[in-house]
Amino acid sequence: MLSNTEKTMEKIVNLCKNRGFVYPGSEIYGGLANSWDYGPLGVEFKNNVKRAWWKKFVQCSPYNVGLDSAILMNPEVWVASGHVGGFSDPLMDCKDCKTRHRADQLIEAQAGISPNGWSDQQMMDFIKEKGISCPECGSKNFTDIRKFNLMFKTFQGVTEDAKSEIFLRPETAQGIFVNFANIQRTTRKKLPFGVGQIGKSFRNEITPGNFIFRIREFEQMELEFFCKPGTDLEWFKYWKDYCHNWILSLGIKDENLRLRDHDPKELSHYSKATTDIEYLFPFGWGELWGIADRTDFDLTQHQEHSTKSLEYFDQEANEKYIPYVIEPSLGADRVALAFLCEAYDEEEVGEGDTRVVMHLHPALAPYKACVLPLSKKLGEQAGKVYERLADLFPVDYDDAGSIGKRYRRQDEIGTPFCITYDFESAEDGCVTVRDRDTMQQERIAIDALPGYLGDKMHF
Ligand SMILES: Nc1ncnc2c1ncn2[C@@H]1O[C@H](COP(=O)(O)OP(=O)(O)OP(=O)(O)O)[C@@H](O)[C@H]1O
């Protein structure tokens, strides 16, 4: 089994392009930098990632409900949230090769420390003092830091003036905060409760890259969990463990994960505690999931700016207060990339023979099984097995080439089971099921297949 540092992004990206997981965006027009399209396998896979999140964070949680709020919001929302004034990255240009960089990322990459919470001046001083250099040309000749707002701006309606200016949301969370009172009133939920949402977000990133790790149009899976002030640190721990377990249960190894607590100097001014769950990508450690205790900051801001009360009446305590919020925020594309990196493997099978295999958890695999007739003559009966299963799960059908070649094609796209219909199948009502990971085969009754596959998808 390859370790994560032995895997290369090049091989993973090529597999994704060649097998229809992810294509470069607008490719026939020469592409659009850092935009990607999910192909036939990619859309199934990414939907499975989102479903797996929804299942555990909304469906199975006794506390949480879901929401799907609009991408375009009243611009005042972004004033209240702090995004208009503060959602910017520290940008620096290399005066020699003219490349553009994020000062915080240069420090992190070259000095190995996180400058979260530092002022621009502190970063500039540090860069000069430690001789941080341009990763492209090695020069130390940088411009001063300029602030660059990451929100995409456009216009609503026919007039393109300041009054019709509108933003594409840079996070889904604010849609939850502005609906807090609606949701609480209509569901009659008592604290603690949470609201989960999956949706597109847009950030005009200065340095996008590393395939789908950092893109300008991406999807987030966010939970805003509202609780009584004073209970927040307990819930912070609860959700941190819950997130960690979710990711382990879908096949990511703990050795490729690290939970990094922000130290007090690094914390945002409104946050009491923040932990990032980081993953060891082939290009190094990267943030996967940000989990933060945001106190009552967001609801207080919206209460002030909207002048609508966002207080909660606690019947038991007979008091009113603004709830505290715990926010676990995860990028769907970013965690999809982590699952792809984790799953990718090249294995020796027999002398001088290797196979490429994606060990995706069955819940995430684009196809749960592939039905293979041993001979084309068995196509009609095998087709019936396929139809029966296709009604329940996404499954593939392949009758081209030798069984060995067909297995390899399915291994490469992560199909966990290959189901061979052979000349005995009509008589004994059974098929041979081959397991992708162990390559072991077992004989299973056709009638038992739905239950067999269903059990394997559990996590
Ligand atoms: N440009 C992006 N492309 C893909 N996913 C993203 C992007 N920006 C954020 N995310 C995802 O959304 C999550 C929450 O967003 P958050 O604002 O906390 O990120 P961030 O701390 O700004 O990330 P980074 O430091 O990597 O820019 C991140 O942990 C990540 O999984």
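**Domains, ligand shell and strand pairing in the predicted model**

The C-alpha centres of domain 2 and domain 3 lie 54 Å apart. The structure is a predicted model, in which local features need pLDDT of at least 70 and side-chain atom pairs count only at pLDDT 80 or more, while totals for chains, interfaces and linings use all residues. Residues are numbered from 1 along each chain as its sequence is written. The protein chain is assigned domain 1 (9-77 + 150-341), domain 2 (88-149) and domain 3 (367-456), with bounds that come from an automatic or database domain assignment.

We turn next to the ligand. Around it are 15 residues, the closest being F218, G290, S329, G331 and R334; a residue is near a molecule if its C-beta atom, placed from the backbone, lies within 6 Å of it. Two or more residues of this shell come from each of β10 (217-227), β13 (284-295), β16 (324-331) and α11 (332-343), and β13 gives the most, with four. Helices (H or I, at least four residues) and strands (E, at least two) are DSSP runs, numbered from the N terminus. By residue class, the shell holds five nonpolar, four polar and six charged residues. Here Ala, Val, Leu, Ile, Met, Phe, Trp, Tyr, Cys and Pro count as nonpolar, Asp, Glu, Lys and Arg as charged, and the others, Gly among them, as polar.

Helix α11 also contains D333. D333 counts as buried because it has 21 C-beta neighbours inside 10 Å; the cut-offs are 20 or more other C-beta atoms within 10 Å for buried, 12 or fewer for exposed, and partly exposed in between, with C-beta atoms placed from the backbone. Leaving aside residues up to four places away in sequence, D333 touches I212, I215, F218 and E219, contact being C-beta atoms, placed from the backbone, within 7 Å. D333 and I212 are 121 residues apart in sequence, yet their C-alpha atoms are 6.0 Å apart.

Now to the strands, which pair if DSSP finds at least two bridges between them. β12 (residues 273-281) runs antiparallel to β11 (residues 257-261), joined by five bridges, and R258 stands opposite E278. β12 also pairs with β13, antiparallel, over nine bridges. A hairpin of two residues joins β12 to β13, and L280 faces W285 across this pair.

Finally, five strands form an open sheet of mixed pairing in the order β20-β19-β21-β22-β23. β20 (395-397) and β23 (441-445) each have a single partner strand, so one side of each is left without a neighbour in the sheet. β19 (residues 369-373) and β20 pair in the parallel sense over three bridges, with A369 opposite V395.

How values were computed
Two residues are in contact if their C-beta atoms, placed from the backbone, lie within 7 Å.
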